[in-house]
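Hello,

Here is the structure I promised to pass on. Please open it first, then read the notes below.

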Amino acid sequence: MTQIVEQDVAASNELIAFRLGEQEFCVDIMSVRDIRGWTPTTPLPHSSSYVKGVINLRGAVLPVVDLAARLGFEPATPNARHVIIITQVGNQTIGLLVDAVSDILTVNSGSIQATPNVASELARAFMKGVIAMEGRMISLIALDNVLTQNQAGQGLLN
C-alpha cells in the first residue's frame, strides 16, 4: 500500500524582498509580474505626491508609485540603480519604485509575526506582518491596501 503525503502549500509563502533606504520589505511573489530597471516617468497633473508618474510598458500606460513616499518615508530621488517592481492586485497593475530587489524568500506562515501594536493604524493597515530571519527584520507589505486606497479611502490615482 502506498501512502500519499500531502504538503501544506498554504504553510509556506514565496516573497520578493527589497530595500527602501536601510529597511527591508517584501511582497508576495504571486503579485509580482516583472522587475525592471528605472525608467523616467511622465508626471500626472494633480496626482498624489507618491505617484511618480506613468511609464509605457509594452504599449500599456502604467502608474509608478514611490513606495518609500507611500509608506511615509523620505521620497526617493530615482537613479539608474533603482528598480520598478511591476505588481498586480486585482485588476490594477502598478509599478513600485524601490531602491533594490535583494532576495527571494520562502517562509512558513508561522514565522510571520503580527505588526506590533505600537505602529500607527495606517502602518498596521499597510503591513501584514514582520518576518525575523537571519538577523534581519523584513516587513511584509499588504499590497492590496497600499495600492487600492489612500488615507481618505479614495482610489490610488485620485
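One definition before the details: two strands count as paired if DSSP finds at least two bridges between them. Please keep in mind that this is a predicted model.

Start with β7, residues 92-98. Five of its seven residues are buried, meaning under 20% relative accessible area. So β7 is largely enclosed by the rest of the structure.

Which strands pair with β7? One is β5, residues 60-66. β5 and β7 run parallel and are joined by three bridges. Within this pairing, V64 has G95 in β7 as its bridge partner.

Another is β6, residues 83-89. β6 and β7 pair in the antiparallel sense, over seven bridges. Here I84 has L97 in β7 as its bridge partner. β6 and β7 also form a hairpin, with two residues between the strands. In that hairpin, G90 takes a positive phi near 60 degrees.

In general, strands of a sheet pair through backbone hydrogen bonds, either parallel or antiparallel.

Now look at the open sheet of six strands. Its order is β8-β1-β2-β11-β10-β9, and the pairing is mixed.

For β9, follow the pairing with β10, residues 127-133. β9 and β10 are antiparallel and share two bridges. I112 stands opposite I131 in β10.

Best wishes

Terms used
Residues numbered from 1 in each chain as written. Predicted model: local features only at pLDDT ≥ 70, side-chain atom pairs only at ≥ 80, totals over all residues. Heavy atoms only, no water. Helix = DSSP H or I, 4+ residues; strand = E, 2+ residues; numbered from the N terminus. Buried < 20%, exposed > 50% of the residue type's maximum accessible area, 1.4 Å probe, protein only.
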